[in-house]
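Thanks for asking me to look this over with you. Have the structure open as you read, and find each residue as we come to it.

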Amino acid sequence: MDKLIPMPVAPRVLPKVTRQLARLAATVLAATLLAACGPKEPVRIGFIGELTGNSADLGEAGRNGALLAVETINQAGGIAGRQVELLARDTGSTPEAAKAAASELLGKGVVAVIGPMTSGMAKAILPAHDAARIVLVSPTATAMTLHGQDDYLFRINWTTRDNAMLYAKHCHERGFRRLALAANQNNRAFSESWANEFQRAFEQHGGQIVGIEYFDSAAESQLPVVEKLLAPRPDALVFVANAGDTARLAQQTRKLDQAVPLVAAEWASTGQFLEQGGQAVEGLAIVQQFNADDPSPHFTDFHQRYTKRFGRTPAFASVLAHDAATVLFEALGRRDGDTPLKRTLVDKGPFQGLQQTIRFDANGDTQRSAAIALVRDGRFVRQAP
């Protein structure tokens, strides 16, 4: 039998396209293996608020509260082993700037956004969030136009109607029957809603609103506004404005009348208000959405860490923004697979905030307890209900 001699086999030449696909597959495989060995992609959450302008103190307090919550959860290992990255953007003082900031955040691939801090800015950016189906959790927006809507806005605070009822009851119990209001026109979505709800509630108690003056924050002086408010000799003045404007209104009032009682909407309840108002705001009544004197270990720990981290005590916006962040973290941790975050926030509650339990209805609305406080010796002193 003849010996079989193996013939040399020519090397197989792959078509050019096949070689390119092979190289691409190898590259993708290497990148996948490298990613598996490296850190996981962070969970990106946005914060949006007025960090410059007349309500910057509110925005900064909110950002700080959210930032502290992020740092806390990251120290505990993050969400399912992924660190949380907070991307903060400034709305500025105009709806146009707010829309641009919101668009930028949405372009960064955030899974949700904390903010904004005012009702006017919430109305400005909500359409973009609805279109993108990205949840917006506002710590402090309260206008009735935002209530009861099937959209992507969730609110940690209760409404202007709830606050107005509390204020109206307080004013009636103090014997006020005739009141005059100054209201900020730059955030009219909030101030008009607040003024309307308060007037309705106060009139139900038998009271009367003898004057309402809308004013521009940019005006050089609010003295003409105060003069108009005092003209009908009301029992007290009510200011529906941010911290800086309320402090200025109080100072202008004390130049003309040292005795008339003052009441301010909860929007002004910040440390800046106390610093700027000084003696002019002593005795002023204002709603507090949290208990600054809460002795519980959980809140005491938060208070100490916040003060150490930011060099000032937390304001109501800090507490509510911390709650907003905590709600998001818990919801993301409880979400089943690809279930939309909006659905999870409604179905997987309640969520535990710093002092209150938060449960959303189908429209993203919730309830929150609050109490009247009086300014005493430069601090808010919460009154017994």
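Predicted model: local features only at pLDDT ≥ 70, side-chain atom pairs only at ≥ 80, totals over all residues.

1. Let's begin with charged pairs. Side chains of opposite charge can pair when their charged atoms come close. Searching the whole structure gives 18 salt bridges. One of them joins Arg44 and Glu85, with 3.2 Å between the closest N and O atoms. Arg44 sits in strand β1 (residues 43-49) and Glu85 in strand β2 (residues 84-90), so this pair ties together parts that are 41 residues apart in sequence. Both residues are partly exposed: Arg44 has a relative accessible area of 24%, and Glu85 has 29%.

2. Now turn to helix α8 (residues 243-256), where you will find both Asp245 and Arg248. They are 3 residues apart, about one turn of the helix, and their side chains form a salt bridge of 2.5 Å, N to O. Arg248, at 34%, counts as partly exposed.

3. Asp336 and Lys348 make another salt bridge, with their closest N and O atoms 3.1 Å apart. This pair links distant parts of the chain, 12 residues apart: Asp336 is in the loop between α11 (316-334) and α12, while Lys348 is in the loop between α12 and β11. Asp336 is partly exposed at 45% relative accessible area, and Lys348 is partly exposed at 33%. Salt bridges with shared partners also join Glu41, Arg44 and Glu85 into one network.

4. Take a look at Thr270, in the loop between β9 (262-264) and α9 (271-277). Thr270 is buried, with 2% relative accessible area. Leaving aside residues up to four places away in sequence, Thr270 touches Asp57, Leu58, Ala243, Ala315, Phe316 and Phe380.

5. Finally, Arg233 is not a glycine, yet has a positive phi of about 55 degrees. Arg233 lies in the loop between α7 (223-230) and β8 (236-240) and is exposed at 69% relative accessible area. Asp377, also not a glycine, has a positive phi of about 50 degrees, and counts as exposed at 75% relative accessibility.

Conventions. Residues numbered from 1 in each chain as written. Heavy atoms only, no water. Helix = DSSP H or I, 4+ residues; strand = E, 2+ residues; numbered from the N terminus. Buried < 20%, exposed > 50% of the residue type's maximum accessible area, 1.4 Å probe, protein only. Contact = heavy atoms within 4.5 Å. Salt bridge = Lys/Arg side-chain N within 4 Å of Asp/Glu carboxyl O.
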